[in-house]
Amino acid sequence: MKNFMTLGQFIIEKQADFPYAKGELSRLLRDIGIAAKIVNREVNKAGLMDILGNAGSTNIQGESQQKLDVYANEQFISALKSGGECCIVASEENEDIIRLDTDVSKNANYIVAIDPLDGSSNIDVNVPVGTIFSIYRRRSIDGPATIDDVLQNGTAQVAAGYVIYGSSTMLVYTTGKGVNGFTLDPSIGEFCLSHPNMQMPESGLIYSINEGNYVHFPQGVKRYIKYCQVEDKATSRPYSSRYIGSMVADIHRNLIKGGIFIYPVTASAPNGKLRLVYECNPMAFLIEQAGGRATNGASRILDIDVTELHQRSPIFIGSEQMVRKAESFMAGELLPDVKEHEMANAF
Ligand code: P6P
């Protein structure tokens, strides 16, 4: 029997990192792990059950809700409610915050912001989807927690992570002391530590962006894409273009292999498409903890003022050297290693 460490054992072992922790955050992470296992079970058999396709409803974003994302939302909210460590859930699927008002939950210290099933439009075509979560301590001292407890900048996160339901199911998270990945072993129903201390390669050979929006991209993004495509053996260009259309899957690949994921402003998304509170901030926290970088093309994602629950932001996230290079193009600079003739014939 190979020796392995389960998520639960790891959380308890790492609890010592938080001397004042009373186990609340540990139990909250456990609750998220439980919901992830339940969602995984349904995602894995989605093709067999009548839970494929459209639920016939739309979410706050006006996006048609796939049955599985409604199911996933319900499972995470239910697990958090019964766990008793969370007082408010802010979900992509719900216009307003969800107060968990049981006698225990209403006095809980933690807020969870979640995209319960990111990339759900890919469900019917068997492409990896994911859950993204972000955890804050409430700021209010007494009385019911409010929206102000949710609208905190990304630097205030105490934990963040994602679950990727792919060729295997993994839970990857940080509590501010590095990033660790756990793979679900279905034979024992446990997430087991498989990727300890994950480190983002400081550079990479993959760029990930929906080039279908090219004509609407800012000039700096267009120039960066052309930079990625130019032949230059010294810098191993052209890079490879990989775009799954599922943020969790694209970022997870880049975390392991190195690369950059960009969702900039476009004509249909003048503030970017991805949501700051439960997509950009948790991914930015995690990727920075793994040694990567996450900005909106100029400013650090985690420093962006959070003013609305479903606020959107452009995002440039991944290997530090690649994100900085893209930022340089966004700032209108030409980099010393970008020869003028390269750019001349890049358009
Ligand atoms: P587009 C999925 O709908 C999602 O929210 C992210 O997971 C993904 O990165 C992005 O949107 C894909 O958007 O406009 O390229 O289809």
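The views below come from a predicted model, where local features need pLDDT of at least 70, side-chain atom pairs count only at pLDDT 80 or more, and totals for chains, interfaces and linings use all residues. Residues are numbered from 1 along each chain as its sequence is written, and side-chain values use heavy atoms, with hydrogens and water left out.

**View 1. The whole chain, for orientation.** You'll find nine helices and 15 strands here; these are DSSP runs numbered from the N terminus (helices are H or I, at least four residues; strands are E, at least two). Of the 347 residues, 55% are buried, meaning under 20% relative accessible area with a 1.4 Å probe and protein chains only (exposed is over 50%, partly exposed in between).

View 2. Domain 1 (7-195) and domain 2 (206-346) each supply at least three, with the bounds taken from an automatic or database domain assignment.

**View 3. Around isoleucine 315.** Leaving aside residues up to four places away in sequence, isoleucine 315 touches Met247, Phe261, Ile262, Tyr263, Leu274, Cys280, Thr295 and Ile301; contact means heavy atoms within 4.5 Å.

**View 4. Helix H6 against H7.** The axes of H6 (residues 247-257) and H7 come within 12 Å and cross at roughly 10 degrees. That makes the pair roughly parallel, a label for angles under 35 degrees. From H6, Met247, Val248, Ile251 and Leu255 make the contact, meeting Glu279, Cys280, Met283, Leu286 and Ile287 of H7. By type, that's eight nonpolar residues, no polar and one charged (Ala, Val, Leu, Ile, Met, Phe, Trp, Tyr, Cys and Pro count as nonpolar, Asp, Glu, Lys and Arg as charged, the others as polar). H7 itself is mostly covered, with 12 of its 14 residues buried.

**View 5. Aspartate 250, tucked into H6.** Aspartate 250 belongs to helix H6 and is buried, at a relative accessible area of 0%. Not counting residues up to four places away in sequence, aspartate 250 touches Ser208, Arg242, Tyr243, Ile244, Gly245 and Phe261.

How values were computed: Axes fitted to C-alpha atoms, helices over the stretch in contact; angles between N-to-C directions. Parallel < 35°, antiparallel > 145°, perpendicular 65-115°, else oblique.
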